[in-house]
Amino acid sequence: WVIVALIPMLVFVLLAIRRHYEGVARQLSLADVKVTERRHNVVIVPIGGVHRAVVQALEYARTLSDDVRAVYVDVDPRATAEIRELWGRWGQGIRLEILASPYRSVMQPLLEYVAITDDERPDDFVTVLLPEFVPARWWHHLLHNQRALLIKGALLFRHRVVVTSVPYHLRD
């Protein structure tokens, strides 16, 4: 009896898998695709401080677009004042947006800023460029870059939003 019940279930599962792959192929098909002209790209670089990884990410961002915006979420007024001071020297002329966060949340103001930017330009791309440093030892990853993973996960399902990491490799 088990085999009699198992075979129809197996056939049903295999047919569902086949329908899934056919649907994916249909959606990826180039039939009816019109190549559009180059779109504008807004590049958002979230920063948590001003350091070498951020400077490198800004240099890269400038190669992607003329519209680059660094975004810092203000959770501590003293740290924000320090960021403003360092930005004049290291910001490369890029606009620095300071987002208020009354509840000390970093994610919510950043995600809202990305959504607003995306809504303002419905035909353009928004690239979120994450400056990340790559530790020299594998187990150091447990101590760093966790916020970048959260940002990537939160933006994964937004259309026209591209999330890119810019790695800065540490030596020690």
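I started at N41, which lies in strand 1 (residues 41-47); strands here are DSSP runs of E with at least two residues, helices are runs of H or I with at least four, and both are numbered from the N terminus. I noted that this is a predicted model, where local features need pLDDT of at least 70 and side-chain atom pairs count only at pLDDT 80 or more, while totals for chains, interfaces and linings use all residues. Residues are numbered from 1 along each chain as its sequence is written, and side-chain values use heavy atoms, without hydrogens and water.

Is N41 buried or exposed? I found 13% relative accessibility, so N41 counts as buried (under 20% relative accessible area; exposed is over 50%, partly exposed in between; 1.4 Å probe, protein chains only).

I then looked up its partners. Beyond neighbours within four places in sequence, N41 is in contact with L64, S65, D67, F125, V126 and T127 (heavy atoms within 4.5 Å).

Next I turned to helix 2. Residues 52-64 make up this helix, 13 in number. Its buried residues are A53, V54, V55, A57, L58 and A61. I saw that their cover includes strand 1, strand 2 (67-74), helix 3 (77-90), strand 4 (125-134) and strand 5 (161-169).

Last, I checked which elements line the largest pocket. Strand 1, helix 2, strand 2, strand 4 and helix 5 (146-155) each supply at least two residues of that lining. By class, I noted 15 nonpolar, five polar and two charged lining residues (Ala, Val, Leu, Ile, Met, Phe, Trp, Tyr, Cys and Pro count as nonpolar, Asp, Glu, Lys and Arg as charged, the others, Gly among them, as polar).

Note on methods
The expected span of a helix is 1.5 Å times one less than its number of residues.
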